[in-house]
Amino acid sequence: MSEDKLPESHGSAGQHEVATHGDPFADPGLPAHEPRRTDIDERAAKRAERQVSLMFVVSMLATVGFIASYVAIDADKIVYIFPLGHVSALNFALGLTLGVALFCIGAGAVHWARTLMSDHELPAERHPIEADDEVRADVIEQFKTGAAESGFGRRKMIRNTLIGSMALVPLSGVVLLRDLGPLPEDKLQHTGWDLATPEHPLPLVNMNTNKPMKAEDIVVGSLTFAKPEGLEEDDEFFQQQIAKDALMLVRIAPENIKDKDSAELGFEGILAYSKICTHVGCPISLYEQQTHHALCPCHQSTFDLADGARVIFGPAGHPLPQLKITTNEEGFLVATGDFAEPVGPSFWERS
Amino acid sequence: MKKLSARRRHPLAALVVLLLALAATGGLYAAFAPAEKAQADTAAQSLAIDEGKKLFAVGCSSCHGLNGEGSSDGPSLVGVGSAAVDFQVATGRMPAQQPGAQVPKKKNIYSQHEIDQLAAFVASLGPGPVAPTEKQYTSTNPDDVAAGGELFRTNCAQCHNFAGQGGALTQGKYAPSLEGVDAKHIYEAMQTGPQNMPSFPDTTMPEEQKRQIVAFVRHLDEEPNPGGLTLGSLGPVTEGLFGWIFGLGVLIAVAIWVAAHTTKARKS
C-alpha cells in the first residue's frame, strides 16, 4: 500500500479531495467528525450520566425484587394478568424482575456507549496476510538449519519412532472413553422376553390393567400395549427394561394379513410387534387401524403391520421385530421366546 | 236413576255402555295386569328402530346401503353398535361432507332424539358397543385425573399429543385436538375406534380407566396456565419457531438499530 493512500495523509476530517474532471476517483476521505450533543453540552452529558446510572439502579432494584419475590410469593398462587390469563404469580414475578434486571444493564451499557464514550472514527488499516519476502526467506532458512541440526532426515530411527508415538497418543483418549462404561456386550441383542422358552412360556401383561390377557380380549381394530410378566413399574431398572420390551398388540382379520410368516408368528390374527422404532428408537405406536400402518412421530418412518411391519416410508432400515405368541392351556397369551432379531435402532454388530 | 233408565232406548245408549265397559276393562287391566315394562319398552324401541330406518334411508343409505350392509363408498354398519352412531353423527362427522383421507368434525344437523333413533336402527343390525350413560363417563373421584394422565400418556399421547392438541398421521390423516370435545364423545371414541383410531375395548381398557382418561382430558381444558405462552402446547416445533423468529429476530433488529444510528448533534 503506498503511503499517499493512507487516511492520515488526507489531514484532519473535512479536508478531503474533491473529484475533479482530471481525477474522477479522488479519495473523499473520512466524513467530518460531528460532535454529539453530549460532547459539546456539559449539562446533556450530566443528564446522560444520570440516565445510565438510573438504569443500573433500576437493574439493582429488580434484582432485589427477584430475590424478594422468590422469598415472599407462594409457589401455588395463581393470579389473573390481562393478556396472559391465569398465570402463576411467582413465575411471572421472577421472569419480570430478572428480565428487567438484565435488560437495564444492557440498555444502560448501550446508552453509555452511544452518548458518553469516545466516538472518534479510527481507521484500521488492512494489511496483506503474508509476511514479506525477507521474513519468509529467513524462516525457511531457520527451518532448514533446524532440520539439519536435528538430523531428522538422517536418523531414520528417531523419525519413525516419533511418528509411531504421535500416532499412538490418541489411543489414550480411546482408553479414557472406554472408562465411560462397560461395553454393552450382548445386551442389545436380547430383551426381557428372552426369559421365555417353549417349555416355560412368558405371559403377556396388559400395560393398562397389569393383568394377563386372553386372545378374545384383543378385538380387530384395537391397540393394546403389553410387557413381559414379572416386570413391574416399581422395579429399579423398569425404564431401561421397558425401552426394549414394550410390545404393541394389534389384531388384523386373517384374510388381511399379507405376510404368511408374520401371520404364523401371531395367534389367530393377533400380532405382537416391538414398539421401538428401528431408526433411532422412538416409541412408535401411531397405529391406523384401517390401513394397518404404524407411524413413528420422530422421522415419519411408516411400517405396514399387515405386511410383516415392512418399512413403506421413512428412514428406518429394518422392519419392526415381531414376537412369536400363542396361548397357554388356560387361554392366556404367552410368548415362547425372544424376538428373532434385536429391537430398536441399528448398530454395528446387528445382523 | 230414573233419568238414566228413561234414556236406555236412546240411539247412543249402546255406545255409552260400550265406552264404559271398555274404560272399566282397561282400568282393571292396568290395575291388575302384571307390569310388563319391558314389553312397553320394546314397543318404543321398535318404534325408534322404524323411525331410525327412515332417517337412515334419507341420510346414510347412499353410502352404507339401505340396510347398512355397506357399499364401495362406505363400510358395513353391521355390529358397529349405537356408540359409534352417537359419536359419528353427534360430532357431525357423519354424514360425511366428502370422501377423503379424513372425515373432519363439523356442525351436527340431527337432534339427539333423531340420533338415538338412528342408533337404535344401526344397533338392531348386529350387536356392538352400546352408547354410554352419563354415569359411565362422569368421574366423581378427584384421583381419577392423575390415574387418567398415566393412561393417557401410555395409550393416547402418541397421536393426540401430551396436552391433547392432536397431531399429524400419514397421507393427510390426522389425530384431532381433544380440546372442548364432549366427555361422552371421548368415551365413545375409545369404545369404537372411529376412522383410523384403534379401539380400546373394555376387555383391554376397563370402563373405569376410560372414565379416568375422560377426567384427565376434561382437566386439560380447565387447568390454569402456570405462566408464559403455551404456543399451542405443540412442543419443540412452535417453541423453536418462536425462538428463532421473535427471539433472534428482535436481537438482530436491535443490533442493526444500534449499529446504524449514532446520536449526532444534527446540523440545524
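Which residues in H8(B) meet which residues in H11(B)? The legends below take up this contact and its surroundings. This is a predicted model, in which local features need pLDDT of at least 70, side-chain atom pairs count only at pLDDT 80 or more, and totals for chains use all residues. Residues are numbered from 1 along each chain as its sequence is written, and chains are lettered from A in the order in which they are written.

**View 1. The contact of H8(B) with H11(B).** Asp144(B), Val145(B), Ala147(B), Gly148(B), Gly149(B), Leu151(B), Phe152(B) and Arg153(B) in H8(B) meet Gln209(B), Gln212(B), Ile213(B), Ala215(B), Phe216(B), Val217(B) and His219(B) in H11(B), where contact means heavy atoms within 4.5 Å.

**View 2. The angle between H8(B) and H11(B).** Helix H8, residues 144-155, and helix H11, residues 207-222, both of chain B, have axes 7 Å apart and pack at an angle of about 95 degrees; the axes are lines fitted to C-alpha atoms over the stretch in contact, and angles run from 0 to 180 degrees between N-to-C directions. The two helices are therefore roughly perpendicular to each other, a term that covers angles of 65 to 115 degrees.

**View 3. The buried residues of H11(B).** Among the buried residues of H11(B) are Lys210(B), Val214(B) and Leu220(B), where buried means under 20% relative accessible area with a 1.4 Å probe, protein chains only. The buried residues of H11(B) pack against helix H7 (134-137), H8 and helix H10 (183-192) of chain B.

Definitions and conventions: Side-chain values use heavy atoms; hydrogens and water are left out. Helices (H or I, at least four residues) and strands (E, at least two) are DSSP runs, numbered from the N terminus. Angles under 35 degrees count as roughly parallel, over 145 as roughly antiparallel, 65 to 115 as roughly perpendicular and the rest as oblique. Buried means under 20% relative accessible area, exposed over 50%, partly exposed in between (1.4 Å probe, protein chains only).
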